[in-house]
Amino acid sequence: MTVSVDDFKKALQLWASGVTVVTTHSEKFGNQGMTVTAFSSVSVNPPQVLVCINNAADTGEGIQESQSFSVNILGSDQQDLSNQFAGGASQQQRFENTDWIAGITGSPLLNHSLISLDCKVVDKVLAGTHWIIIGEVHECIFRTGEPLLYYSGAYRQLAHD
C-alpha cells in the first residue's frame with residue numbers, strides 16, 4: 001500500500017529546501033523558466049546537478065530542445081522573482097523586468113541570483129509525473145547574500161543569533 005498524495009505532500013512540507021529558478025533557451029521556444037525546489041548536487045567530478053520538472057511543464061520542452069539549462073539559486077530578497085516564475089504568467093512575462101545574461105549554453109543566468117549554474121543535459125529519466133534531468137555544470141557564477149528557503153508552505157530565511 002502506498003501513501004496518499006495528501007499525506008506525501010504534508011510530509012514533504014517539513015523538508016526545508018532552497019528555491020531556484022531553472023531557465024533555458026532554445027530556438028523553437030525562446031527563453032523559458034520556472035521556479036523549482038527539487039534541486040540537488042549529484043557529483044563533484046564531473047560537476048553535476050539534477051532538477052525535477054513536471055512532465056507537463058513547458059520549460060521541460062525547452063530543455064529537451066536545447067539540451068541545456070541553468071539553475072539560479074535565489075537569494076533571501078527574491079521572493080517576488082520566485083513568485084513571478086512560479087506559474088500563472090506567460091514565459092514572456094516571467095522574463096520582463098528580469099535582468100539576465102546568456103550563459104555558455106545560451107540559458108539565461110539571472111543577474112541577481114545567489115548562484116547561477118549553467119549546465120548541459122547528460123541524462124533524463126521519467127519518474128512518475130516528473131522528469132529527473134541531470135546536467136553537467138559548465139559555468140558557475142557566485143554572488144554574495146543568503147539563500148531563500150521554502151518550508152511548511154512559506155518562504156523562510158536563515159535565523160541569526
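A: Start with a strand pair: Ser-68 stands opposite Lys-120 in β9. Keep in mind that this is a predicted model.

Q: How many bridges join β6 to β9, and which way do they run?

A: Six bridges join them, and the two strands run antiparallel.

Q: What pairs with β6 besides that? I'm asking about β2.

A: Strand β2, residues 20-26, pairs with β6 in the antiparallel sense over four bridges. Within that pairing, Val-22 has Val-71 of β6 as its bridge partner.

Q: Is β6 mostly covered or exposed?

A: Mostly covered: six of its six residues are buried.

Q: Which residues sit on which side of β6?

A: Ser-68, Ser-70 and Asn-72 are on one side, with Phe-69, Val-71 and Ile-73 on the other. Both faces are covered. As background, side chains in a regular strand alternate between the two faces of the sheet.

Q: Which residues have the most contacts inside the largest nonpolar core?

A: Val-22, Ile-53, Phe-69 and Val-71, in a core of 16 residues. The elements that give two or more residues to this core are β3 (30-36), β5 (48-54), β6 (68-73), β9 (115-127) and β10 (130-142).

Q: What about a second core?

A: There is a separate one of eight residues, and Val-19, Leu-74, Leu-81 and Phe-85 are among them. In soluble globular proteins, nonpolar side chains tend to be buried together.

Q: Where is there a nonpolar patch on the surface?

A: Val-3, Phe-8 and Leu-12 form one, with about 300 Å² of accessible area together. Val-3 is in the segment before α1 (5-12).

Q: Back to strands. How many bridges join β9 to β10?

A: The count is 12, and β9 and β10 run antiparallel. One of the pairs is Ile-115 with Phe-142 in β10.

Q: How many residues lie between β9 and β10?

A: Two, and the strands form a hairpin. Gly-128 in the turn has a positive phi of about 65 degrees.

Q: And what does β5 do with β10?

A: They pair in the antiparallel sense over seven bridges. Val-49 stands opposite Gly-135 in β10.

Q: What is the strand order in the open sheet of three strands?

A: The order is β1-β11-β12, with antiparallel pairing. β1 (17-18) and β12 (154-156) are the edge strands, as each pairs on one side only. Two bridges join β1 to β11, residues 149-151. In one of the pairs, Ser-17 has Tyr-150 of β11 as its bridge partner.

Q: Switching to helices. Which residues of α2 are buried?

A: For α2, residues 58-66, they are Thr-59, Gly-60, Gly-62 and Ile-63. They cover an arc of only 160 degrees around the axis, so they are on the same side of α2.

Q: What happens just after α2?

A: Gln-67 takes a positive phi of about 60 degrees there.

Q: OK, so what is the phi of Asn-97?

A: Asn-97 has a positive phi of about 60 degrees although it is not a glycine. Asn-97 lies in the loop between α4 (91-95) and β7 (100-102). With a relative accessible area of 82%, Asn-97 is exposed.

Q: And Ser-152, what is its phi?

A: Near 55 degrees, a positive value in a residue other than glycine. Ser-152 is in the loop between β11 and β12. Ser-152 is partly exposed, at a relative accessible area of 35%.

Q: Where is the cis peptide bond?

A: The cis bond joins Asn-45 and Pro-46, with omega about 0 degrees. Pro-46 is in the loop between β4 (39-43) and β5.

Q: Last one. Is Ser-107 buried or exposed?

A: Buried, with a relative accessible area of 0%. Ser-107 lies in the loop between β7 and β8 (108-110).

Q: How far apart are Ser-107 and Ser-26?

A: In sequence, Ser-107 and Ser-26 are 81 residues apart; in space they are 8.2 Å apart, C-alpha to C-alpha.

Terms used:
Residues numbered from 1 in each chain as written. Predicted model: local features only at pLDDT ≥ 70, side-chain atom pairs only at ≥ 80, totals over all residues. Heavy atoms only, no water. Buried < 20%, exposed > 50% of the residue type's maximum accessible area, 1.4 Å probe, protein only. Arc of directions from axis to C-beta. Core = buried A, V, L, I, M, F, W, Y, C linked by side-chain atoms within 4.5 Å. Patch = residues over 30% accessible without salt bridge, like charges linked within 9 Å, V, L, I, M, F, W, Y side chains within 5 Å. Areas by Shrake-Rupley, 256 points an atom, 1.4 Å probe, with all protein chains shown as cover. Salt bridge = Lys/Arg side-chain N within 4 Å of Asp/Glu carboxyl O. Pairing = 2+ DSSP bridges.
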